[in-house]
Amino acid sequence: MSVKECPECHGSLERYPKQDIPGAVERYRCINSHLIGVNIRSQQVSTIILPFKHLEKCPKEGCGLPIGPAEVISDQTTPTRTNGVEDGKGLVRLVYYQCSRGHQSSKRQFIQKKFPEAFA
């Protein structure tokens, strides 16, 4: 394996075989729960799956009420629209919340980065 540490957080990696794609991708998990896919042939990172962390408190100034799963209004996962080096190809998750006082907020986060050049 050419990848010795997590490309996201530089943490140590351990083998995670139950997520492998036989003959194509080997999976590794870092200490921060990033799931790294490595192309078997090219030995390059092909995907990085990032854990999504929900908002815990309302971000509205002066509110700070806890936000739980019941306060999720909308949860969308969409492909990225740009192919820039800083974004890469992948999936973005956008979640809208509403606290019990009616304040609405959202959180957008990459949940998967794909590197198609690893399969070239």
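Glu 14 counts as exposed because its relative accessibility is 53%; exposed means over 50% relative accessible area, buried under 20% and partly exposed in between, with a 1.4 Å probe and protein chains only. The model is predicted, so to speak of local features requires pLDDT of at least 70, side-chain atom pairs count only at pLDDT 80 or more, and totals for chains, interfaces and linings use all residues. Residues are numbered from 1 along each chain as its sequence is written, and side-chain values use heavy atoms, with hydrogens and water left out.

Glu 14 belongs to strand β1, residues 13-15 (strands are DSSP runs of E, at least two residues, numbered from the N terminus). Leaving aside residues up to four places away in sequence, Glu 14 touches Tyr 28 and Arg 29, a contact being heavy atoms within 4.5 Å. Between Glu 14 and Arg 27 the C-alpha distance is 8.8 Å, at a sequence separation of 13 residues.

Tyr 28 is also part of the largest nonpolar core, which has 12 residues, including Leu 13, Cys 30 and Phe 110. Such a core is a set of buried Ala, Val, Leu, Ile, Met, Phe, Trp, Tyr and Cys residues joined through side-chain atoms within 4.5 Å. Strands β2 (25-30), β3 (35-39) and β4 (45-49) each give two or more residues to this core. Another core, of 8 residues, lies apart from it and has Cys 58 and Cys 99 among its members.

Two rings have a charge over them (NZ of Lys or CZ of Arg within 6 Å of the ring centre and within 35 degrees of the ring normal).

| Charged residue | Ring | Distance to ring centre |
|---|---|---|
| Arg 15 | Tyr 28 | 5.4 Å |
| Lys 113 | Phe 110 | 5.7 Å |

Key
Helix = DSSP H or I, 4+ residues; strand = E, 2+ residues; numbered from the N terminus.
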